[in-house]
Amino acid sequence: MAPAGAKRNILERLDAGEIVIGDGGFVFALEKRGYVKAGPWTPEAAAEHPEAVRQLHREFLRSGSNVMQTFTFYASDDKLENRGNAQRFTGAQINEAACDLAREVANEGDAMVAGGVSQTPSYLSCKSEAEVKGIFKRQLNVFVKKNVDFMIAEYFEHVEEAEWAVQVLKTSGKPVCASLCIGPDGDLNGVSPGDCAVRLVKAGANIVGINCHFDPMICVKTVKMMKEGVERAGLKAHYMVQPLAYHTPDCNCQGFIDLPEFPFGLEPRILTRWDMHKYAREAFNVGIRFIGGCCGFEPYHIRAVAEELATERGYLPAASVKHGNWGAGLEMHTKPWVRARARRDYWEKLKPASGRPKCPAMSTPDSWGVTKGHADLMQHKEATSLDELKPLFEKAKC
């Protein structure tokens with residue numbers, strides 16, 4: 001169970017040296033459960049199937065999460081109506097429903113509610129700063145109305161757009177986190193992780209870091225680079241990391257979306273719970289104190305993070321009641337060779353097999369090299385036509 005006492009805000013917790021554990025990747029988890037459509041990745045489920053979103057929040061809370069992030073990823077109206085996506089709910093309706101669900105579950109434990117915004121099709125289509133900021137402001141209005149505890153600007157490939165988001169979110173007076181979906185090579189314009197972090201702190205972010213696109217160790221490495229940049233600049237910040245739950249050693253600068261397995265063939269790359277122990281320890285050792293997950297993370301992954309850091313946090317998550325430390329529950333198995341696996345050194349040394357004899361260890365990522373302003377990235381409301389798809393299919397054969 002969580003420690004008793006009134007809830008403190010995220011900056012109070014981090015200033016006191018506490019570890020804050022985030023949740024996981026809602027769009028991927030709910031897509032697998034049949035509540036989100038891959039492609040648009042939009043969060044209508046918050047309004048359309050609130051029971052599914054509520055249950056996932058509860059599973060992450062039980063597994064050790066201190067943050068219930070609103071299921072508002074890609075919930076801006078320009079994204080909801082992009083490329084023929086049927087807009088059954090407005091961004092405001094989705095955002096309000098998501099806030100209510102996150103607050104309901106957060107109140108069941110020691111968790112805070114974080115309102116989230118993410119990159120926009122409008123930025124990719126070279127809309128003006130004022131237009132893009134207007135999109136963030138409309139989302140922020142809902143978060144202020146619902147009195148979320150803090151804000152997260154996440155999943156930004158370009159630091160400029162993230163700066164704009166932070167500047168808008170900062171007007172709420174609430175703590176602001178900013179996480180980019182970049183790797184050690186920097187954003188898609190080549191701005192280094194250290195310089196990105198400095199720009200975000202100067203824009204007003206209290207917490208900076210990385211989410212999505214890359215595996216835990218790559219993300220931790222990138223946050224370390226951000227931390228070094230902030231310290232060189234004589235600035236102060238807290239740090240966060242919410243990576244993929246997929247191994248991505250073969251990714252290029254755009255991360256897992258360039259892998260040929262994205263998004264429907266990624267399962268062989270999933271990290272085990274024991275991999276998550278290593279991730280949590282590495283993140284803690286480099287000074288990151290807001291540690292969570294993104295796409296691919298399920299509640300058992302977060303439980304592993306919480307269990308690895310249980311000594312530092314002073315307690316285990318509720319879900320650990322159903323999980324023996326380092327496989328200790330296997331002591332009760334009927335088969336002796338399985339009982340023999342009830343030990344830490346077995347799981348730490350395990351090299352999992354894929355069971356796929358003809359599959360390569362790594363893939364060759366797509367490397368189309370397009371980003372903001374390129375004709376292929378111009379977005380529109382109309383559904384993608386066959387005439388638009390044909391040249392893409394041909395290019396993919398090359």
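## Cysteines without bonds

Searching the whole of this predicted model turns up zero disulfides. A disulfide is a covalent bond between the sulfur atoms of two cysteines. Take Cys181: its nearest cysteine sulfur belongs to Cys212 and sits 6.4 Å away, and Cys181 is in no disulfide. For a disulfide, the two sulfur atoms would have to be within 2.5 Å. Cys181 counts as buried, with a relative accessibility of 2%.

What about Cys359? Its closest cysteine sulfur, in Cys251, is 17 Å away, which is too far for a bond. With a relative accessible area of 45%, Cys359 is partly exposed.

## Rings that pair up

Let's turn to the aromatic rings, which form 19 pairs in this structure. In one of them, Phe26 and Phe71 have ring centres 5.7 Å apart and planes at 40°, so this pair is tilted. Phe26 belongs to helix H2 and Phe71 to the loop between strand S2 and helix H5, so the pair ties together parts 45 residues apart in sequence. Both Phe26 and Phe71 are buried.

Phe73 and Tyr155 make an edge-to-face pair, with 5.3 Å from centre to centre and 80° between the planes. Here Phe73 is in the loop between S2 and H5 while Tyr155 is in strand S4, so parts 82 residues apart in sequence are tied together. Phe73 and Tyr155 are buried too. Elsewhere, ring pairs join Phe28, Trp41, Tyr246, Phe256 and Phe262 into a cluster.

## Two helices side by side

How do helices H11 and H12 cross? Their axes come within 10 Å and cross at roughly 5°, so the two helices are roughly parallel to each other. Pro216, Met217 and Val220 of H11 meet Lys278, Tyr279, Glu282 and Ala283 of H12 in this contact. Five of these residues are nonpolar, two are charged and none is polar.

Methods. Residues numbered from 1 in each chain as written. Predicted model: local features only at pLDDT ≥ 70, side-chain atom pairs only at ≥ 80, totals over all residues. Heavy atoms only, no water. Axes fitted to C-alpha atoms, helices over the stretch in contact; angles between N-to-C directions. Helix = DSSP H or I, 4+ residues; strand = E, 2+ residues; numbered from the N terminus. Parallel < 35°, antiparallel > 145°, perpendicular 65-115°, else oblique. Contact = heavy atoms within 4.5 Å. Nonpolar A, V, L, I, M, F, W, Y, C, P; charged D, E, K, R; others polar. Buried < 20%, exposed > 50% of the residue type's maximum accessible area, 1.4 Å probe, protein only. Phe/Tyr/Trp six-rings, centres within 6.5 Å; stacked < 30°, edge-to-face > 60°.
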